[in-house]
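Hi,

Here is the structure I promised to hand over. Have a look, and my notes on it follow below.

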Amino acid sequence: AHPMLPYLAQGAAMAIEDAAVVAQCMARQPDDPVTALQNYYALRKARTRKVQQLAARNGNRYHLGGVSGFGRNLAMRTIGGNHLLHNYDWIYGWRPPAAAAIS
């Protein structure tokens with residue numbers, strides 16, 4: 001497993017999301033924890049991987065120096081804060097999956 005890097009500040013948020021999903025999975029299959037945890041893993045894998053990869057890319061971006069850092073800063077100013085935040089709507093707008101969707 002790879003660590004959740006701090007460049008999106010999502011480590012604690014991912015843990016809270018994990019807790020919500022694992023609770024749903026365990027409640028749905030209380031007598032079959034192995035299957036419940038397999039379902040939990042299947043539900044969380046793609047999202048946590050995507051957050052982890054984006055955090056790693058941000059870490060690389062944030063540590064650029066020289067001309068590359070100048071270009072990054074210029075691009076971020078040009079794009080604007082609201083547009084940059086909009087790119088993260090998929091993170092901040094997450095809701096637990098409906099219990100009926102868990103099999």
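Ala 9 is exposed, because its relative accessibility is 63% (exposed means over 50% relative accessible area, buried under 20%, partly exposed in between, with a 1.4 Å probe and protein chains only). Ala 9 also has a positive phi, near 55 degrees, though it is not a glycine. You'll find Ala 9 in the segment before helix H1 (11–28); helices are DSSP runs of H or I with at least four residues, numbered from the N terminus.

Some background: this is a predicted model, where local features need pLDDT of at least 70 and side-chain atom pairs count only at pLDDT 80 or more, while totals for chains, interfaces and linings use all residues. Residues are numbered from 1 along each chain as its sequence is written, and side-chain values use heavy atoms, leaving out hydrogens and water.

Asn 58 sits in helix H2 and is buried, at 2% relative accessible area. Its side chain makes a polar contact with the side chain of Arg 61 at 2.5 Å (an N or O pair within 3.5 Å, one able to donate a hydrogen and the other to accept it; residues adjacent in sequence count only if both atoms are side-chain atoms). Not counting residues up to four places away in sequence, Asn 58 touches Tyr 7, Leu 8 and Tyr 88 (heavy atoms within 4.5 Å).

Lastly, Gly 80 follows H3 and has a positive phi, near 90 degrees.

Cheers

Note on methods:
Helices (H or I, at least four residues) and strands (E, at least two) are DSSP runs, numbered from the N terminus.
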